[in-house]
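Look at the structure first, then read on.

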Amino acid sequence: MFDFLTVSTGAELFGLTTAIICLRNDQSLIWRGQILFLLITWLVEIEGYNLKKDYVNALVAKTDLPHGNVWLYNILLIFQAVFISLVFYDVVKVYVNSKYFIIVGLAVLAVFYAIDLSQHGVFKKHNNTTLVMSILFVIYSFSYYYYLINERQHHNIFKLAPFWWVTGTLFFFFGQIASTVFFQILSTIEIKFITTYTIYKILNVILYGCWSYSFICRKWLTNKSEILL
Amino acid sequence: MVNEQVRNLVIITTAIFLIAPAFVVVYIFVYNNRKKRHILEKQQMQLSFESELAKTQLEVQEQTMQTIGAELHDNIGQLLSLTSLTLSSVELNNKAKARQKIDDSIDLTLRSIKEMRLLGHLLQGDQLVAVGLVEAIRQLVSWMERSGRFEIVYTAGDEIAANRNADKDLIIFRITQEIFNNIIKHAAATEITIDLDYAGGLLELRIADNGVGFVADEAPLVGHGMGIQNIRKRAGIIGGEAVISSDKGAGTQIIVSIPYP
């Protein structure tokens, strides 16, 4: 009954639950939006799991192969790009007006998405978009760190919600760069799924672990004055 | 076999890609802790500076009050007593003598007024923010000159007035006050030269006398006023230094250099 509860979906469910508990009354619309984003991600993961199961069953039964779940993740990519960019805008705006930088980043991603779409349609993984998006988010993360360490004021970063959110994002997308770059190589050998899924499991646990902790910081540990900044 | 190698390669690369951000995060933690220590040290220094400033303010006021008290007792008090005595001895039937005594009394009263005015200026020296360092030292010099014991040459650059730092002014004024005290009490000098110059972001106060001088090792560190060490410490608090050169019978020269404003 609960066979859809894998390591990744479990980590996502944990993140979603923490977000609902911690952020449902948050003053910031963007932070409250994490609940919706995590809910969409979790539903996509479950549907993705079901689609993958159908695909494997068809493979075993040697019947007509369905399209698998890649198209679903390609759609999720749009939500990821927009929402994570928005959160980066929110955490960096304390230091600098990053509006135009984020808009340019999203435009670049839109171009790559269109190229991926025109080259191989929606049923193949949009590797170029994923790679560029990961690089962009890693740059945003480093920018945040740069502003944080150059800030005159001292923060207790153990309790700083944006820091933990950015840290989780950095780990996930830095790891995803390696994973995406090697996806092409992995696709030529049969161990592709085992290896990528193991890597994604680890990345997901780190991502949702850090994000959940950042939600806890946001709710209970970060000073109100720091949130209002 | 090849598959196994490729898989290992991918896993190792991904692991490296995970370790790299871990190093970045650790670096940020270390840097943040260092920043915290630095901020705490700065706050501590600011607190000690403010406490030293308050102490200096009190010392300046105390010194000014002591001087005024002594002046009132030794000078103005005497003048007014003499005025009272002269007026009480006026014989109204001897008009010529009475005229003379009244004129003397008027003269004594005018001298008292003049002395009071000078004391007023000295009191103004305490209000450094209002009169500025150059003027405050000038009041001190005027007061010193009045004793008739010293020949004083005081020169001050014009640029100082344009650049002001009230906190530093107060400490430099206190240092000057104490150097004057030391000259009066210990130097037995007859000539004093005071130069106040400002150039290249550095304020330099040079005070030299032709007194008895002292051997550096024998100079009192504490006790007499601020002491030599204290003059150096006060200069150090505002980022400057005090160089004291002296020898037995060769007078003393003190150069206080302060980054300014």
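Is B:Gln139 buried or exposed? The model is a predicted one. In it, B:Gln139 has a relative accessible area of 10%. The cut-off for buried is under 20%, so B:Gln139 counts as buried. The residue is part of helix 4 of chain B, which covers residues 133-146. Leaving out residues up to four places away in sequence, B:Gln139 touches B:His121 and B:Leu122.

**The sheet of chain B**

Chain B has an open sheet of five strands with mixed pairing, in the order 1-2-3-5-4. Strand 1 (151-156) and strand 4 of chain B are at the edges with a single partner strand each, so one side of each has no neighbour in the sheet. From one strand to the next, the twist averages 10°.

Helix 4 of chain B packs on this sheet, where it touches strand 1, strand 2 (191-199) and strand 3 (202-209) of chain B. The direction of helix 4 of chain B makes about 170° with that of strand 1 of chain B. Helix 7 of chain B, residues 227-237, lies across strand 4 and strand 5 of chain B and runs at about 150° to strand 4 of chain B.

Strand 4 (residues 241-246) and strand 5 (residues 252-259) of chain B are antiparallel and pair over six bridges. Five residues lie between the strands of this hairpin, and B:Gly249 there has a positive phi near 80°. Two facing pairs are listed below.

| Residue | Opposite residue in strand 5 of chain B |
|---|---|
| B:Ile244 | B:Ile254 |

**The helices and the nonpolar cores**

Two packed helices are described by the angle between their axes and the distance between the axes. For helix 5 (residues 127-150) and helix 6 (residues 161-181) of chain A, the angle is about 145° and the axes are 8 Å apart. Their crossing is left-handed. The contact of helix 5 of chain A with helix 6 of chain A has 17 nonpolar, seven polar and no charged residues.

The largest nonpolar core has 64 residues. A:Phe88, A:Tyr144, A:Phe163, A:Trp165, A:Trp211 and A:Phe215 are those with the most contacts inside this core. Helix 6 of chain A gives the core its largest share, eleven residues. Beyond its neighbours within four places in sequence, A:Trp165 contacts several residues, including A:Trp31, A:Gln34, A:Phe88 and A:Phe215. A second, separate core has 45 residues, among them B:Leu53, B:Ile68, B:Ile160 and B:Ile172.

Conventions
Residues numbered from 1 in each chain as written. Chains lettered and ligands numbered in written order. Predicted model: local features only at pLDDT ≥ 70, side-chain atom pairs only at ≥ 80, totals over all residues. Heavy atoms only, no water. Axes fitted to C-alpha atoms, helices over the stretch in contact; angles between N-to-C directions. Helix = DSSP H or I, 4+ residues; strand = E, 2+ residues; numbered from the N terminus. Left-handed = near helix turned anticlockwise from the far one by under 90°. Nonpolar A, V, L, I, M, F, W, Y, C, P; charged D, E, K, R; others polar. Core = buried A, V, L, I, M, F, W, Y, C linked by side-chain atoms within 4.5 Å. Buried < 20%, exposed > 50% of the residue type's maximum accessible area, 1.4 Å probe, protein only. Contact = heavy atoms within 4.5 Å. Pairing = 2+ DSSP bridges.
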